[in-house]
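Subject: The three-chain model, handed over

Hi,

Here is the structure I promised to pass on to you. Have a look at it first, and then read on for what turned up.

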Amino acid sequence: MKLLFQLSIRNLLRNKRRNAMLLVAIAVAVAGVNASNTLLRGYQYGMLESAINNLTGHVKVMAEGYVDDPNVKHSFQLNSEQLPQLPVGMVVGWADRLRVPAVIMSERETRGIELVGVDPAKESISFIGEAKIEGEFLQGADDGRVLVGKELARQLQTAVGRRLVLIAQGADGLNRERGYRIAGTYDAEGTGLEKNYVFVGLNSLQALLETEAVTELSVRVDREEQRLPAKSALRAAFPDLQVKDWRELDPQVAEMFKFADASLFIWFFLMMGALTFGLVNSLIAAVMERVKELGMMRALGMQNSTVLVQVVLESIILMTVGVVLGTGISLLIYWSIADGIDLSAYAEGAEMVGVSSILQPVLLSEDVFLVAVMSIILGILASFYPAWRVIKIRPLDALRR
Amino acid sequence: MTDPVVICRGVSRTYQQESVPVHALRQVDLTVYPGEFVSLSGPSGSGKSTLLNIVGGLDRPDEGSVSVGGVDLGELSESKLADLRLHKLGFVFQAYNLIPVLSALENVEFIMQLQGVSSAERAERATAVLDRLGLADMLHRRPGELSGGQQQRVAVARAIVSEPVLLLADEPSANLDSSTTKDLLELLKQLNEEGMTIVTATHDAMVMSYALRQVHLLDGRIEHDGQTRSA
Amino acid sequence: MTQTLSLPVPTKASKGDTGLTWRLAWRNLWRNPRRTWLTAGGIAFASLLVTLSMSLQQGSYDAMVSSATGFYLGQAQINHVLYEEEGKLEQTVAPADELRRSLEQVPGLHVAPRAQVFALASVGQRSFGAAVVGVDFEVEQKLVSFFDRVTQGRLPVDEGEVLVGEALARNLGAQLGDELVLLGTGKEGGIGALALTIAGLYDSGRPELDRSLVFTHLASVQNGFGLGDEVHAMVLGFDEIEALAPNLPRLSRGLPDNAELRTWQQLLPEVVQSIELDRISAVLFYGSILVLVTFSVVNTFIMIIFERTREFGMLLALGTRPGIIMRQVQAEALMMWLVGTAIGLLLSNLLVGWAAVQGIPLGMMEEMAAQYYMPSRLYPAISLYAMSLAPLVLLVGTQLAAFFVTLRVRRLKPVEALRAE
């Protein structure tokens with residue numbers, strides 16, 4: 001085996017220019033695929049984060065009929081710490097909310113919005129927990145003030161500390177009206193959320209609407225795959241309620257998520273496809289120029305299988321070096337953009353496709369590994385055929401060429 | 001008399017050259033005993049190279065039987081033939097004898113590596129045989145750095161290092177000038193005197209003159225098979 | 001390995017030799033068919049892929065713009081200069097009728113006036129905030145597809161009727177025939193009110209619109225909220241969107257002082273931006289493919305030069321200038337490019353032609369597509385730019401590749417070269 005390695009390496013060194021060029025091409029292809037994978041994954045996971053942060057969470061519990069008619073009559077009672085025992089570490093956090101459509105009025109303007117009664121301490125699981133706040137965040141579930149989106153405040157021509165009137169429908173079907181002071185405004189990096197959601201203390205809203213119920217329980221798990229066991233556990237704990245995961249609540253994002261996976265594969269094959277032409281050319285040439293030499297070795301008594309292994313080994317060594325180089329380069333690229341790519345110039349467009357304005361690349365070791373392994377397999381396949389062809393020639397005929 | 005090294009009986013070989021059948025060998029019988037130095041000669045197309053190749057297990061006869069070192073070649077598969085060539089035979093080709101990326105020493109070691117000989121023993125034996133052939137200072141040179149004659153010597157060294165039962169040389173002098181040829185032939189003569197059985201195919205008169213037994217072929221048949229000197 | 005040339009190569013450049021150069025280049029290509037096919041194959045692959053993608057991309061952008069502008073906002077709008085920022089009821093465009101008639105002089109242009117007021121919409125005891133939009137339904141249907149989405153009932157025929165979004169109707173517990181009361185603030189400060197019969201329900205596919213927009217006749221809104229001959233927006237749309245840009249100067253003239261014209265690029269920045277983002281990522285994609293294929297060409301020429309070193313040595317020894325040899329190799333590179341590009345473009349054009357007729361169904365992505373203003377079938381654009389960019393880039397790439405690899409020929413010493421294997 002050592003002999004074969006020695007032969008392979010020395011043969012590779014025989015054609016330094018050609019093989020150097022090939023190495024560069026392989027490295028570029030691998031680096032390109034890995035780098036774009038990190039961006040694609042960043043987009044994919046960014047979308048996932050956005051969807052989950054958007055008050056959806058990984059799994060949600062709601063009353064029947066709420067999705068079609070988000071009225072406070074489609075609500076349920078939650079006995080405080082009733083969350084079922086889910087395996088340790090699975091649940092990152094959960095939040096119960098009372099969410100209803102409402103009308104908000106300032107001195108100058110009126111708008112239709114969604115009013116969300118929350119317990120601020122639990123909202124680390126959604127976007128509002130991380131948003132930049134001007135003024136003050138809500139101080140607790142009893143806080144009787146509101147938190148308004150920056151863009152909405154602008155449209156209403158109001159500011160922190162001023163008063164607003166909120167009108168919402170109570171459990172009996174009649175409207176309730178009350179004045180609220182603005183505790184603070186939030187910046188969600190995209191105007192869609194800001195224009196839609198107004199936050200208030202949960203208990204305060206329940207008092208206004210004369211109910212003790214909530215309209216949703218949102219749960220965030222540690223890893224995305226855990227949504228399934230979490231869903232089952234929650235279904236068992238709340239048999240009369242609807243339990244859905246984010247994929248069911250946001251099917252479009254779920255489709256895009258899957259589509260991104262498919263894109264990764266397609267992209268890999270296209271890049272490798274472009275590489276293959278040059279690769280196969282080089283490998284065939286490398287084998288064909290050695291027809292006589294290989295014939296001679298077989299004449300001296302080397303087994304055909306040994307010759308085959310030696311030729312394929314050459315290709316494996318070449319691909320491995322190229323893959324290592326390429327992976328190294330892609331790691332460098334990744335680290336240089338690891339902080340995220342600023343898309344704020346494209347904020348509205350980014351929002352439309354469902355990502356935040358900073359694209360954070362994601363490096364998955366499975367992706368890198370898969371690329372490496374598949375590239376090497378490509379190298380094996382590409383050299384196998386010409387090597388096999390050469391062996392079919394009888395040593396005698398090979399020598400005579 | 002000891003057992004023959006090579007027994008060919010009724011060997012025929014025909015191949016197609018642009019849809020014209022060429023009868024390279026017709027019902028050839030040949031027996032070679034240990035210690036002989038045989039030359040196969042004749043005009044081009046006489047079948048000498050074909051016969052050599054068949055004896056060496058590189059080609060198969062269409063009719064007849066061949067046995068080398070007591071082993072019937074007809075029974076052997078391709079990979080068994082390769083084993084035979086590896087362990088029992090030594091080859092010197094007209095050109096393209098050596099692996100370009102290995103040094104002279106490594107070229108000689110190459111065969112032993114395939115045979116599974118340990119690394120220490122390999123190095124020792126290879127150095128010894130190259131030394132014996134006067135190539136002690138060429139050990140680490142690659143074929144590209146050696147003259148034609150030196151390359152052939154290295155090829156001979158490689159051919160004999162595993163003490164094969166038979167050394168086969170196909171037109172060994174074809175790429176060499178006359179004085180280098182003479183050196184090579186002196187070497188072969190010396191090996192033969194030490195007991196090596198040699199069969200060579202050639203059209204070079206000088207080579208023929210060194211052989212102790214000259215077999216002349218014409219149109220695929222042995223025309224004359226005679227000793228020039230006593231064995 | 002012996003190399004023979006089938007034709008003599010001229011030792012100095014002279015007129016009438018170009019035919020010889022090309023013939024020789026062609027024959028040299030086919031000395032090693034496998035290598036030529038693989039290299040040309042790579043070029044074909046890249047040009048097929050890139051030209052096809054670019055055509056589809058362009059087609060999808062065109063479709064997106066058409067869909068987006070044809071959905072609700074139109075190709076352009078005329079509004080009060082402060083309306084976008086502040087959206088106040090009194091920020092109107094007037095005199096509306098006169099302006100509309102003058103705009104309608106422009107051939108191929110449709111003009112739809114809209115007046116919009118925020119109000120409290122109630123059916124029975126339940127009420128919600130909504131925006132009531134007064135429109136001219138007939139003209140609107142020529143401009144936007146929004147009013148084709150009636151799911152129950154029909155469009156309002158007189159001033160007493162209203163079209164309500166399904167989501168809002170659900171929230172209000174309302175049905176066809178119910179009375180919808182709209183209460184808001186009028187222009188002069190008093191109460192503005194309308195009582196309308198629900199004539200139809202619509203589903204636009206965008207819940208945020210369905211929940212908040214109700215539509216009635218323009219006159220109802222104007223009368224109910226104290227507006228005279230005023231509107232908040234004149235929505236403009238040409239039959240062919242390409243007519244918009246050349247007509248912009250004409251449209252901007254004759255506008256009242258306090259009004260401005262905004263094009264779809266300003267109305268729908270998300271469309272402009274997502275197209276840009278997509279373009280950028282496409283450039284990265286195409287760039288990588290083209291770079292990789294150029295590498296393979298470099299590789300091929302390295303092999304070619306190496307193989308023909310002896311032959312070049314002989315030519316140099318005979319007195320040929322290195323430049324001639326280099327030109328010969330460049331000609332071969334050109335031929336290889338030609339073969340590859342011809343195949344690639346042929347396939348690409350066939351596919352684009354087929355897709356232009358059939359359209360490519362988006363399948364399960366249809367719903368998602370609707371969200372992004374995409375139609376359910378994707379048609380490629382027939383564009384010279386899309387078809388020619390990749391081949392041109394490849395041409396430059398392959399010529400450069402051949403050039404740099406062949407520079408070695410300048411340093412070749414004939415005698416050494418002849419001895420090379």
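Predicted model: local features only at pLDDT ≥ 70, side-chain atom pairs only at ≥ 80, totals over all residues.

The buried residues in H10(A) are A:Leu294, A:Gly295, A:Met296, A:Met297, A:Arg298 and A:Ala299. Their packing partners come from two chains: in chain A they are helix H11 (304-337), helix H13 (365-392) and H14, and in chain B they are helix H2 (78-88) and strand S6 (89-92). Just after H10(A) comes A:Gly301, with a positive phi of about 120 degrees.

Two pairs of chains are in contact, and chains A and C share the most contacts. Here 43 residues of chain A are in contact with 47 residues of chain C. The elements of chain A that give two or more residues to this side are H2, strand S2 (91-105), strand S3 (110-118), helix H9 (251-288) and helix H12 (347-352). H9(A) gives the most, with 15 residues. By class, the side of chain A that touches chain C divides into 21 nonpolar, 14 polar and eight charged residues. As for the remaining pair, chain B and chain C do not touch, and their nearest C-alpha atoms are 11 Å apart.

Helix H2 (residues 16-56) of chain A packs with helix H11 (residues 269-307) of chain C at an angle of about 170 degrees, and their axes are 9 Å apart. Angles over 145 degrees count as roughly antiparallel, so H2(A) and H11(C) are roughly antiparallel to each other. If you want to select the contact, H2(A) brings A:Arg17, A:Arg18, A:Met21, A:Leu22, A:Val24, A:Ala25, A:Val28, A:Ala29, A:Gly32 and A:Ser36. From H11(C), the residues they meet are C:Leu284, C:Ser288, C:Val291, C:Leu292, C:Phe295, C:Ser296, C:Val298, C:Asn299, C:Ile302 and C:Met303. The residues of this contact divide into 13 nonpolar, five polar and two charged.

Next, the build of chain A as a whole. Chain A has 14 helices and 12 strands. Its radius of gyration is 31 Å, whereas a compact globule of 401 residues would have one near 21 Å. Along the principal axes, the C-alpha atoms of chain A fill a box of roughly 100 × 45 × 30 Å. Of the 401 residues of chain A, 49% count as buried. Among contacts in chain A between residues at least 6 apart in sequence, 83% join residues at least 24 apart.

Five residues of domain 1 of chain A are in contact with four residues of domain 2 of chain A. On the domain 1 side, those residues divide into two nonpolar, two polar and one charged. For chain C, the assignment gives domain 1 (18-67 + 272-419) and domain 2 (82-257), with C-alpha centres 53 Å apart.

Last, a residue in chain B: is B:Asp170 buried or exposed? B:Asp170 is in strand S7 (residues 166-170) of chain B. With 22 other C-beta atoms within 10 Å, B:Asp170 is buried. Leaving aside neighbours within four places in sequence, B:Asp170 is in contact with B:Ser49, B:Leu52, B:Phe93, B:Gln94 and B:Ala201. B:Gln94 is 76 residues away from B:Asp170 along the chain, yet their C-alpha atoms are separated by 5.7 Å.

Enjoy exploring it!

Best wishes

Notes
Residues numbered from 1 in each chain as written. Chains lettered and ligands numbered in written order. Contact = placed C-beta atoms within 7 Å. Axes fitted to C-alpha atoms, helices over the stretch in contact; angles between N-to-C directions. Helix = DSSP H or I, 4+ residues; strand = E, 2+ residues; numbered from the N terminus. Parallel < 35°, antiparallel > 145°, perpendicular 65-115°, else oblique. Nonpolar A, V, L, I, M, F, W, Y, C, P; charged D, E, K, R; others polar. Rg over C-alpha atoms; globule rule 2.2 N^0.38 Å. Buried ≥ 20, exposed ≤ 12 C-beta atoms within 10 Å, placed from the backbone. Domains from an automatic or database assignment.
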